[in-house]
Amino acid sequence: MHLRSLGAALTVTGSAHLLRMGGEEVLIDCGLFQGDEALEARNREDFGLGPRDLAAVILTHAHLDHVGRLPLLVRRGYRGPVFCTPPTAVLAETVLLDSARLQVEAYRQDLRRARREGKEPEAREPLYDEDDVHRALALLRPVLRFGETVQVGSLRVTPHRAGHILGSAYLLIEAGGERLIMTGDLGHRAGGLQPDFTPPPPADAVVIETTYAGHVHRPRPATLAEFAGALRQSIRAGGKILIPSFAIERAQVILHTLRELMESGEVPRVPIFLDSPMATRATRAYFQFAEELIPPLRDALQRGEDPFRPSTLHVVLTGDESRRLGRYDGPAIILAGNGMMTGGRIQHHLRHHLWKPATSLVVVSYQSPGSLGGRIVTAAPTVPLLGEDVPVRAHVYTIGGFSAHADRDDLLAFLNPTGTPRVWLVHGEPHVMKAFVPVLAERGLTGTLMPGGEEVDLLTTGERGGYPLELPRGEEGTRKSAGGE
Ligand SMILES: [Zn+2]
């Protein structure tokens, strides 16, 4: 049972883990590095594996930091199967096509800049384009169903419900009497639209995500009360209420919450504009896989209701409609991507409204320190938006409790039934993982930070007391990024 991390070791982004077990080599997730330039540069590095030697790729869920390098792997020669759940296959199409489009757009911009400067050969080519995405999508085998074992070469792979986003799974992988659990991303219990993760079966080792291993989320009712309070104040202020949101899961959680709050009268009804074609497309998958959701939502969808449609919702499709929203008078809620405000339609809404004191910006997602959103929530007086310096005069609310990730207590509850002391930590900030190790030790568990790029025998840690906690030079400052979603 040997693992080499090709991403999400000592960082929260670029999840990709090469597993050598039972004589097979499989890649668990194939995510894109997102964040600052140094992280994104890692997408252009060699994978460090022979794509043709891989028996299979297995995807835990459709977030870009878990699937975003798949078209690149295919471009570099991979032709084998890619196993996933049916919802992950549907969402991955939306996510990867959007990623290709953004990359081609970024390339065109970079090319224009390079031409102006007479440095055309320096323009960075897109990592992949739509054709690569279609070739990757053709390899998807959406045959993983929760609790059902499939044979991948000599490996027995059983996906279980991870409760993180629609279709998300953690994996029990067995060969030769050895049992490994790979978590992918785990959800927060009693969190949002997904049922809680299934308690895991016994295992010999666990590779676990640790995004929020140092944090306990606010209880959901307190978060909802805080969100409702922010909306009431914002509506009284009379300006636009901007809610930047990720397109998958977070947008649906917010739409559903707005519907409940307006129907119960806790928040006055005002027009809501959903200005995110990607969120609109993703929401269709929630209808298609209604049976996956928590019972009240599943039942509502099966009765033909739309729990993601507040009565005042307008769906904005074209770019023209989106720009015309700038002239709309009176209070209204505008939900647009992307979640960290680093691109997408939220940017022109911010340019229009951020300088007005009556505007409210309601932040419901994690903002990485270097992102535009990160600068706004840490009280930057002005921010650059589409070529202008825009003063921040809007009232900024940050609502932290909508996270789709397991918190510290969720992670400990997850580990308990596995009965193994061998816990390998991935997908976290180094200082968070280091602080989690003694918490695990109090419970008799040996927590080990997964090193990047180096193969480890997952069964050794219990005997030798864990990998040394010293980090490789240069990794300490690795920042949390969009991958944290
Ligand atoms: Zn995720």
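This is a predicted model: local features need pLDDT of at least 70, side-chain atom pairs count only at pLDDT 80 or more; totals for chains, interfaces and linings use all residues.

Tutor: Start with L386, which sits in the loop between β17 (382-385) and β18 (388-391). Residues are numbered from 1 along each chain as its sequence is written.

Student: What makes L386 count as exposed?

Tutor: Count the other C-beta atoms, placed from the backbone, within 10 Å of a residue's own: 20 or more is buried, 12 or fewer is exposed, in between is partly exposed. L386 has 9 such neighbours, so it counts as exposed. Its phi is positive too, about 50°, although L386 is not a glycine.

Student: And H427, buried or exposed?

Tutor: H427 has 34 other C-beta atoms within 10 Å, so it is buried. H427 lies in the loop between β20 (422-426) and α14 (430-441), and its phi is positive as well, near 50°.

Student: Why are α4 and α8 called roughly antiparallel?

Tutor: Helix α4 (residues 86-116) and helix α8 (residues 277-288) pack at about 175°, with axes 10 Å apart. Axes are lines fitted to C-alpha atoms, for helices over the stretch in contact, and angles run from 0 to 180 degrees between N-to-C directions. Under 35 degrees is roughly parallel, over 145 roughly antiparallel, 65 to 115 roughly perpendicular, and the rest oblique. That's why α4 and α8 come out as roughly antiparallel.

Student: Which residues of α4 and α8 meet?

Tutor: P87, V90, L91, T94 and D98 in α4 meet M278, R281, A282, A285 and Q288 in α8; a contact means C-beta atoms, placed from the backbone, within 7 Å.

Student: How do you know that the buried residues of α5 are on the same side?

Tutor: In α5 (residues 130-137), the buried ones are D132, V133 and A136. They cover an arc of only 100° around the axis, so they lie on the same side of α5; the arc is that of the directions from the helix axis to the C-beta atoms. Those residues pack against α3 (70-75) and α4.

Terms used:
Helices (H or I, at least four residues) and strands (E, at least two) are DSSP runs, numbered from the N terminus. Two residues are in contact if their C-beta atoms, placed from the backbone, lie within 7 Å.
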